[in-house]
Amino acid sequence: MADFGVPVLAKLLAADDAGFIASIAQRRRYADGELIHERGDAMPAMGLVVKGRVKLVSPRNNGREYFVSMVEAGQNYGDIAVVGRNTRAHRATAVGETEVDHLSAEAFARIVQRPGRSEERRVGKECRSRW
């Protein structure tokens with residue numbers, strides 16, 4: 001994945017938070033080439049790639065697509081969707097058999113506001129400060 005300064009959620013959280021995230025995320029499976037979401041969709045959620053890869057492109061009016069990033073397992077995308085943007089900035093497509101945990105803005109807020117977790121407060125602060 002290209003480095004756009006996006007903090008990787010898994011690196012910012014405590015190791016024991018994986019179970020908590022799994023309990024509040026909506027996991028979906030996608031076939032190779034399946035559309036995960038379209039640019040402009042009003043589905044604010046962060047994606048955590050569990051398995052496979054997600055290709056992000058920016059479609060243009062002339063029919064061309066511009067490659068933005070390839071998001072690998074263990075990485076996340078769409079943090080801007082959970083900290084204020086109401087629509088998707090890119091088209092996301094599964095590359096290979098892919099599983100994505102989708103975290104809504106409300107679920108993300110539960111992570112960053114979890115009591116006794118300075119890491120989560122830092123996650124929210126870092127994501128919000130970028131946008």
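Modeller: Let's start with R53, which is partly exposed, because its relative accessible area is 32% and that class covers what falls between under 20% and over 50%. Bear in mind that this is a predicted model. R53 forms a salt bridge with E72, at 3.9 Å from N to O. With the cut-off at within 4 Å, that N to O value of 3.9 Å still counts. R53 belongs to strand 3 and E72 to strand 4 (residues 65-72), so this pair ties together parts that are 19 residues apart in sequence. E72 is partly exposed as well, with a relative accessible area of 31%.

There's also a network: R27, R29, E99 and D101 are joined into one by salt bridges that share partners. Within it, the side chains of R27 and D101 meet at 2.6 Å, N to O. That pair links distant parts of the chain, with R27 in strand 1 and D101 in strand 6, 74 residues apart.

Another salt bridge joins E38 and R91, whose closest N and O atoms are 2.9 Å apart. Since E38 lies in the loop between strand 2 and strand 3 and R91 in strand 6, the pair ties together parts that are 53 residues apart in sequence. E38 is partly exposed at 23%, while R91 counts as buried at 19%; the line between those classes is 20%. In total, the count comes to six salt bridges.

Now for the strand pairing. Strand 6 (residues 91-104) is mostly covered, with ten of its 14 residues buried. Strand 1 (residues 26-30) pairs with strand 6 in the antiparallel sense over five bridges, and here R29 stands opposite E99. Those two residues are also members of the salt-bridge network. Strand 2 (residues 35-37) runs antiparallel to strand 6 too, joined to it by two bridges; L35 has T93 as its bridge partner there. Finally, strand 3 (residues 45-59) and strand 6 pair in the antiparallel sense over eleven bridges, with G47 partnered by H102.

Notes
Residues numbered from 1 in each chain as written. Predicted model: local features only at pLDDT ≥ 70, side-chain atom pairs only at ≥ 80, totals over all residues. Heavy atoms only, no water. Buried < 20%, exposed > 50% of the residue type's maximum accessible area, 1.4 Å probe, protein only. Helix = DSSP H or I, 4+ residues; strand = E, 2+ residues; numbered from the N terminus. Pairing = 2+ DSSP bridges.
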